[in-house]
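These are my notebook entries on a structure that I looked up. I set down each point in the order in which I checked it.

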Amino acid sequence: MPYIPHTTDQVRRMLDVVGVDSMEALFENIPASMRPKSFDLPEGLSEDAVLNKLSAIADMNETGKASFLGAGFYDHFQPRAVRALVSRSEFYTAYTPYQAEASQGTLQAIFEFQTAICRLFEMDCANASAYDGGTAIFEACMMAIRKTKRSKIIIDEALSPIYRRMLDTMTSSLDIEAVIVPHANGTSDKAALAAAIDKDTAAVVVQNPNFFGVVEDFSDLAAVARENKALTIMSVYPVLASVLKTPGSMGADIVVGEGQSLGLPLSFGGPYLGLMTCTKALVRQLPGRIAGRTEDKQGRTGYVLTLQAREQHIRRAKATSNICSNQALCALMAHVQMCMLGPVGLRRQAVLSMELARYAQARLTAVHGVEMLNDAPYGNEFAITLPLPADKVVAALAQQGVAAGFPLGRYYKGLENALLVATTDKNTAEQIDRLAAGLKEAL
Amino acid sequence: MIPDDLLYTRTHEWLKQEGETALIGITHFAQEQLGDLTFIELPAPGDTIEAGEEMGTIESVKAASEIYAPVDGDVLEINEDLESSPELVNEDPYGEGWLIRIRPSGDLDDLLSPSEYADLVESETE
């Protein structure tokens with residue numbers, strides 16, 4: 001059955017009313033050159049046949065591999081209750097929660113999410129989330145440009161290449177000068193970053209841990225930025241933020257992150273969750289929704305979307321940003337995850353992930369020819385160098401049911417033999433032993 | 001509420017000459033139209049302003065509006081009390097709620113007299 005309910009007779013009668021004699025004639029005002037030559041669609045199938053076809057494709061997925069893939073996205077344990085709670089229809093089907101009188105539950109959930117993220121990053125203000133970590137970085141740069149009225153952005157090359165590519169794309173038609181400061185063998189070159197900051201700099205953009213998994217302390221850099229009246233934008237991995245020195249205590253002005261690791265599953269590229277926080281001084285530049293807590297005339301607590309005067313439905317062209325949505329359900333998921341784990345659980349998750357990384361490091365570097373890329377401190381992810389191109393080794397290990405890691409040569413020239421290996425609380429010592437054994441065999 | 005010792009703009013700012021310098025604010029009519037003010041963004045001392053150009057922003061509970069410079073000039077001082085108490089503009093737009101002090105470098109001839117401004121307000125309220 002085609003999904004067009006009209007019979008040939010009904011179509012002909014409608015054409016008669018309009019006064020044309022065929023569908024072709026109905027569209028003749030559209031020049032032939034602007035019409036698709038073909039929609040290149042296969043013949044229709046029955047619903048059953050489509051289901052069979054799709055499940056056959058789905059069966060080709062190799063699930064259940066031992067995964068050491070990180071590179072910004074991490075497979076952490078999610079308590080089963082998280083999904084059950086966010087699947088409640090009040091949350092699952094909610095649309096725009098603008099109307100405080102009808103959306104107290106959603107607004108309270110957003111407010112609590114913002115509070116949790118602020119505490120995790122030790123920052124003053126958070127928004128209700130952005131689309132993903134990369135969008136959050138772009139919006140953070142725009143905040144800095146508006147606030148400082150300057151247009152130069154200093155970017156650490158150890159910032160995720162995915163984010164750097166997104167920034168490139170999103171700023172390509174804007175008058176922004178981006179200066180990339182090369183990494184130093186997988187560590188952030190903090191001296192060079194500091195030296196690059198000048199009177200025209202709006203912001204310096206760094207990541208902790210950086211893309212190579214290296215844990216950095218950017219306090220001194222943030223101080224140099226402040227001396228030059230530039231802002232420090234830091235992208236952080238939220239699970240590790242529970243144990244590392246917080247970005248707020250390092251003096252960051254805007255802190256963003258990919259919230260996927262807070263209880264969102266890895267599912268072929270999304271949906272993701274952009275976390276976005278700033279100091280109080282910058283809150284009017286913070287894009288997107290912000291839920292606030294207030295009191296009504298009788299003194300009863302109520303939740304509202306606040307600071308609306310920054311937004312495009314009020315300020316039009318002068319709006320802070322044209323983001324007018326957020327990842328509400330994903331933000332709720334992250335919030336429920338944080339509540340289920342609690343601060344202690346979140347730290348345990350981080351510490352376990354880091355302990356497994358140390359076990360993995362010991363096992364992998366014991367394999368002949370495998371070495372650490374550098375000896376910098378790391379969190380739950382580290383880079384090793386191999387005697388062979390890393391993508392070949394990854395392909396070989398995939399045959400053994402192990403996703404060995406992320407080949408760094410894909411984004412960094414000269415690092416073709418380097419492999420980024422991540423562990424989370426979901427990995428086991430047995431999986432790491434399999435990875436080490438597989439690596440030994442592949443080399 | 002249109003003091004007769006001030007000059008006015010068509011965009012509802014007022015200017016008060018005080019010797020070599022001048023104070024700038026927004027009128028009673030403007031603050032009434034905006035409603036409760038929540039935030040005021042002003043230029044910084046040392047900045048220059050240009051007649052008719054935007055020199056700041058006023059946010060109220062329902063809108064955000066631009067403040068336009070009545071004349072060319074250099075900003076000498078800003079009303080720092082407004083940072084924590086923007087409601088001063090609602091309460092006393094011609095006194096405690098002044099916005100900035102400038103040294104005018106341009107001509108004041110294009111500004112409206114109190115009676116001209118009264119006509120403008122009348123036409124806008126009709």
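Is A:Cys118 buried or exposed? I found a relative accessibility of 9%, so A:Cys118 counts as buried (buried is under 20% relative accessible area, exposed over 50%, partly exposed in between, with a 1.4 Å probe and protein chains only).

**Entry: basis of the notes.** I note that this is a predicted model, in which local features need pLDDT of at least 70 and side-chain atom pairs count only at pLDDT 80 or more, while totals for chains, interfaces and linings use all residues. Residues are numbered from 1 along each chain as its sequence is written, chains are lettered from A and ligands numbered from 1 in the order in which they are written, and side-chain values use heavy atoms, without hydrogens and water.

**Entry: cysteines.** I looked for disulfides (pairs of cysteine sulfur atoms within 2.5 Å) and the count over all chains was zero. For A:Cys118 the closest cysteine sulfur is that of A:Cys125, at 6.2 Å, which is too far for a bond. A:Cys278 is in no disulfide either, as the nearest cysteine sulfur, again in A:Cys125, is 4.9 Å away. With 0% relative accessibility, A:Cys278 counts as buried.

**Entry: A:Thr277.** I placed A:Thr277 in strand β8 (residues 274-278) of chain A; strands (E, at least two residues) and helices (H or I, at least four) are DSSP runs, numbered from the N terminus. Its relative accessibility is 0%, so A:Thr277 counts as buried. Setting aside neighbours within four places in sequence, I listed its contacts (heavy atoms within 4.5 Å), among them A:Ile117, A:Phe121, A:Cys125 and A:Asp253.

**Entry: helix α16 of chain A.** The buried residues of α16(A) are A:Gln431, A:Ile432, A:Leu435, A:Ala436, A:Gly438 and A:Leu439. They cover an arc of only 165° around the axis, so they lie on the same side of α16(A) (the arc is that of the directions from the helix axis to the C-beta atoms). An α-helix has 3.6 residues a turn, so residues three or four places apart point the same way. On the other side of α16(A), A:Lys440 and A:Glu441 are exposed. Among the elements of chain A against which the buried residues pack are α14 (328-365) and β12 (381-385).

**Entry: salt bridges.** I found 17 salt bridges over all chains (a side-chain nitrogen of Lys or Arg within 4 Å of a carboxyl oxygen of Asp or Glu). A:Arg88 pairs with A:Glu90, with the closest N and O atoms 2.5 Å apart. A:Arg88, at 44% relative accessibility, counts as partly exposed, and A:Glu90, at 45%, counts as partly exposed. In chain B, B:Glu18 and B:Arg101 meet in a salt bridge at 2.9 Å, N to O. B:Glu18 lies in strand β2 and B:Arg101 in strand β9, so the pair ties together parts that are 83 residues apart in sequence.

**Entry: chain B.** I recorded four helices and nine strands in chain B. The radius of gyration of chain B (over C-alpha atoms) is 13 Å, close to the 14 Å that the globule rule gives for 126 residues, so chain B is as compact as a globular protein of that length. That rule is 2.2 Å times the number of residues to the power 0.38. Buried residues make up 47% of the 126 residues in chain B.
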